[in-house]
Amino acid sequence: MARRKQKALIVGSNGFVGGHLSRELLSAGYEVCGADRGASVSGPGFSSYSILDIVDSLAVDDLVRRERPDYLVNLAALSSVGASWESPQLAMMINVVGPTNILEACRRHAPECKVLLIGSSEEYEFSNEPLTETSPIAGDSPYGISKIAQERIARLYAVSFGCNVLATRSFNHTGPGQSTAFVLPSFCRQVASIQNSGRAGVIEVGNLDVVRDFSDVRDVVRAYRMLLERGRRGEVYNVGSGEGCSLRSLLDTIIGFSTQDVSVHVDPTRFRPTDAPKIVANCAKIHKELGWQPAISIAQSLKDMYESFL
Ligand code: A2R
């Protein structure tokens, strides 16, 4: 008799990472169910799709009771640091109350379900050294604080209720399909539109001196699949490239794709209230435990994104 496919529920399935994770899990042979607050996006091949607000505890309870998934990944979030400064209350509602609702629903209806929650490098205290999972935590934005709270709740559910939950601290990731509200797609779109215009042009940027650790989203979702399959209960894993790049050097790479003259205008109103000069991961834990390594260079990722705007 054919073995039943393992069922994975992706909450926040319509977002940037959701599309890539759906493809990753489907091609690895999972049955995939989607849930998000918007109408279903075409394409992914979900076995079911539910419109869901994760802040609504009854709706989350009902979904998990109906689906009883083997795996659940929560990608639903107020996902931008900038937006969390505009609306800290919303960041707490979606990023803290939402995952609490998910864990509570799993505890009641799917106690064997393995749950992966997505945290962030924004949880760490600023440091010029590569950050390991034992580096100090601070949370210098509403977004960072919301992700620290999510992780603490995950640990509580793992320790106190025996839930099979683990969390990432994901560093910056980018790639085709990311909103131009984020920095690298914004650069790519602006440079591509100068290229499309056939004339020289100016691009508007914020603080180019910050150094960040960027991975391609396709590598990141592979890490998420491997964490679902082999990550350890109650643990936290950095997911990043381990390499720091200044936004200036990444912008230079993108400008190099264009044959037009591109000038850069630095707009101080685009600077954030707090911005760590450098955030770089040490990913020895996930390399050692899962054998995960990034495979797509940031230059390739930028090229794919730039070409998607031509
Ligand atoms: O904001 P929308 O309407 O685009 O919908 C987003 C959805 N979402 C929600 N779904 C259900 N209930 C909610 N209360 C709720 N609030 C937001 O989650 C969107 O479709 C999805 C998140 O997708 P993105 O904003 O594109 O985030 P991304 O880059 O896929 O990040 C996935 C995870 C998040 O935990 C981030 O904080 C982390 O990776 O970096």
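Nine of the twelve residues of helix H1 (16–27) are buried, so H1 is largely enclosed by the rest of the structure; buried here means under 20% relative accessible area, exposed means over 50%, and partly exposed lies in between, with a 1.4 Å probe and protein chains only. Helices (H or I, at least four residues) and strands (E, at least two) are DSSP runs, numbered from the N terminus. The model is a predicted one, in which local features need pLDDT of at least 70 and side-chain atom pairs count only at pLDDT 80 or more, while totals for chains, interfaces and linings use all residues. Residues are numbered from 1 along each chain as its sequence is written, and side-chain values use heavy atoms, with hydrogens and water left out.

Among the buried residues of H1 are Phe 16, Val 17, His 20, Leu 21 and Glu 24. Their cover includes strand S1, strand S2 (31–36), strand S4, strand S7 (173–174) and helix H7, where contact means heavy atoms within 4.5 Å. Just after H1, Gly 29 takes a positive phi of about 95°.

A nonpolar core is a set of buried Ala, Val, Leu, Ile, Met, Phe, Trp, Tyr and Cys residues joined through side-chain atoms within 4.5 Å. H7 gives the most to this core, namely eight residues. Of the 35 residues in the core, Tyr 224 and Ile 286 touch the most other members. Leaving aside neighbours within four places in sequence, the contacts of Ile 286 include Ala 223, Leu 227, Tyr 237 and Trp 292. A second, separate core has 31 residues, including Leu 52 and Cys 106.

Aromatic rings form another set of contacts. Rings of Phe, Tyr and Trp (its six-membered ring) pair if their centres lie within 6.5 Å, and planes under 30 degrees apart count as stacked, over 60 as edge-to-face and the rest as tilted; by this rule there are five aromatic pairs. In one of them, the ring centres of Phe 257 and Tyr 306 are 5.4 Å apart and the planes stand at 45°, so the pair is tilted. Because Phe 257 lies in helix H8 (residues 247–257) and Tyr 306 in helix H10 (residues 298–308), the pair ties together parts that are 49 residues apart in sequence. Phe 257 is partly exposed at 23% relative accessible area, whereas Tyr 306 is buried at 3%.
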